[in-house]
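Please examine the structure shown here alongside its sequence. The explanation that follows begins with one residue and then widens to the chain as a whole.

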Amino acid sequence: MGSSFKILLYSTDPATARRASRAAFDRIARLDAILSDYQVDSELSRLGVKAGGPAVAVGPELFDVLEKCKFYYEKTGGVLDPTIAPVGRLWRRAIRERKLPDPQKLAEARELVGADKMILDPVAKTVRLTKPGMKLDVGGIAKGIASQQAIDVLRAEGIDRALVGGAGDIVFSGPPPGADGWTIGVATLTPNTTEPEIYLALHDGAISTSGDAERYVVIDGRRYSHIINPVTGQAVEDRASVTVFALDGTTADALETSVYLLGPEKGLKLIDDTPGAAAIFTRETPEGVVRYESKRFKDLPRARPKS
């Protein structure tokens with residue numbers, strides 16, 4: 001999935017800790033082999049090779065992820081779209097080469113984007129990509145799913161105080177011993193140089209952050225994020241960061257990029273409409289940095305920063 005994963009856990013038995021952590025990492029590795037668009041032999045990549053042909057039977061894990069993607073595609077008005085890959089690959093090259101995508105190639109790639117062109121059969125567990133050349137990228141949800149499933153594995157192995165982090169997607173079970181929750185700092189617009197101003201004490205949930213602080217490119221004096229809007233086919237130029245808390249990793253991961261793309265007004269309404277979710281949207285404006293909070297964000301318990 002193009003990211004490293006880390007597990008922190010508490011256990012009084014070293015053997016249990018080793019067994020549980022190995023099982024959790026094995027689960028992440030299995031999902032990577034299924035969902036990665038960086039690996040040509042992943043199940044996701046092999047499905048893309050058959051685009052434009054008949055429906056293809058897929059495994060239960062992949063089908064479940066694509067069903068979730070389709071749900072959020074409809075819920076977000078198309079800004080979470082697993083068919084973004086043809087456009088996304090052009091922008092990945094643009095970031096590497098510091099050169100905007102060719103307009104003609106971008107227009108052609110956009111014709112392949114739209115999850116309405118991905119037909120799922122829940123009975124037969126088949127997927128049909130209706131246009132030749134379609135490719136899938138589930139990066140907007142995969143790390144949250146993997147982190148959540150790793151926590152679930154740890155619980156099944158008897159570890160109920162743990163944290164799993166895949167890049168900016170963190171899922172946690174019970175708090176560390178003697179603590180009210182895991183201390184999580186809310187990222188600023190410049191996380192590499194600026195300490196968080198808000199710290200949260202969280203347990204039994206998930207938190208995800210999306211932003212352009214580390215992955216972006218400047219071309220002809222304009223800053224472009226690595227996050228691409230599937231509706232427009234363009235990289236986001238808005239300098240912003242979004243942090244979302246949710247009751248599970250799948251929801252947190254799906255919502256953080258969606259809110260980033262929708263903007264504070266529409267995005268935070270989506271958060272308020274999602275049970276248990278809360279978010280903060282930080283944006284750079286001509287008047288300075290502005291924060292927007294969802295209705296439930298103020299209710300998240302605060303923590304003091306660790307030394």
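In this predicted model, E157 has a relative accessible area of 26%, and it therefore counts as partly exposed. The cut-offs explain the label, because buried means under 20% and exposed means over 50%, with partly exposed in between. E157 is located in the loop between helix 6 (142–156) and strand 5 (162–166). When residues up to four places away in sequence are set aside, E157 touches T16, R19, A20 and A23. By contrast, S45, which is 112 residues from E157 in sequence, lies 32 Å from E157 in space, C-alpha to C-alpha.

The whole chain may now be considered. The protein chain contains eight helices and 16 strands. Its radius of gyration is 19 Å, close to the 19 Å that the globule rule gives for 307 residues, so the chain is as compact as a globular protein of that length. Along the principal axes, the C-alpha trace spans about 55 × 50 × 35 Å. Of the 307 residues, 52% count as buried. The accessible surface of the chain is about 14600 Å², and carbon and sulfur atoms contribute 51% of that surface.

Among the contacts with a separation of 6 or more, 62% are between residues 24 or more positions apart. The chain carries 41 positive and 41 negative side chains, and the centres of these two sets lie 2 Å apart.

Which kinds of aromatic pair occur here? The structure holds four aromatic pairs. One of them is formed by Y10 and W182; this pair is tilted, with 5.9 Å from centre to centre and 50° between the planes. Y10 lies in the loop between strand 1 (5–9) and helix 1 (14–35), while W182 belongs to strand 7 (residues 182–185), so that the pair links distant parts of the chain, 172 residues apart. The relative accessibility of Y10 is 40%, and Y10 therefore counts as partly exposed. W182, at 6% relative accessibility, counts as buried.

Another of the pairs joins F281 and Y292, and it is edge-to-face: the centres are 6.2 Å apart and the planes are at 85°. Because F281 lies in strand 15 (residues 278–285) and Y292 in strand 16 (residues 288–293), this pair ties together parts that are eleven residues apart in sequence. F281 has 0% relative accessibility and counts as buried, whereas Y292 is partly exposed at 28%.

Several loop residues complete the account. N192 is placed in the loop between strand 7 and strand 8 (199–202). With a relative accessible area of 60%, N192 is exposed. The C-alpha atoms of N192 and A94 are separated by 24 Å, and these residues are 98 positions apart along the chain.

D204 is not a glycine, yet it has a positive phi of about 50°. D204 is found in the loop between strand 8 and strand 9 (205–211), and it is partly exposed, with a relative accessible area of 38%. D220 likewise is not a glycine, and its phi is positive, at about 55°. The loop that holds D220 runs between strand 10 (216–219) and strand 11 (222–225). Is D220 buried or exposed? Its relative accessible area is 74%, so D220 counts as exposed.

Note on methods:
Residues are numbered from 1 along each chain as its sequence is written. This is a predicted model: local features need pLDDT of at least 70, side-chain atom pairs count only at pLDDT 80 or more; totals for chains, interfaces and linings use all residues. Side-chain values use heavy atoms; hydrogens and water are left out. Helices (H or I, at least four residues) and strands (E, at least two) are DSSP runs, numbered from the N terminus. The radius of gyration is taken over C-alpha atoms; the globule rule is 2.2 Å times the number of residues to the power 0.38. Buried means under 20% relative accessible area, exposed over 50%, partly exposed in between (1.4 Å probe, protein chains only). Contact means heavy atoms within 4.5 Å. Accessible areas come from the Shrake-Rupley method with a 1.4 Å probe; for residues, only the protein chains shown count as cover. Lys and Arg count as positive and Asp and Glu as negative; His and the chain ends are not counted. The place of a charge is taken as NZ of Lys, CZ of Arg, CG of Asp or CD of Glu. Rings of Phe, Tyr and Trp (its six-membered ring) pair if their centres lie within 6.5 Å; planes under 30 degrees apart count as stacked, over 60 as edge-to-face and the rest as tilted.
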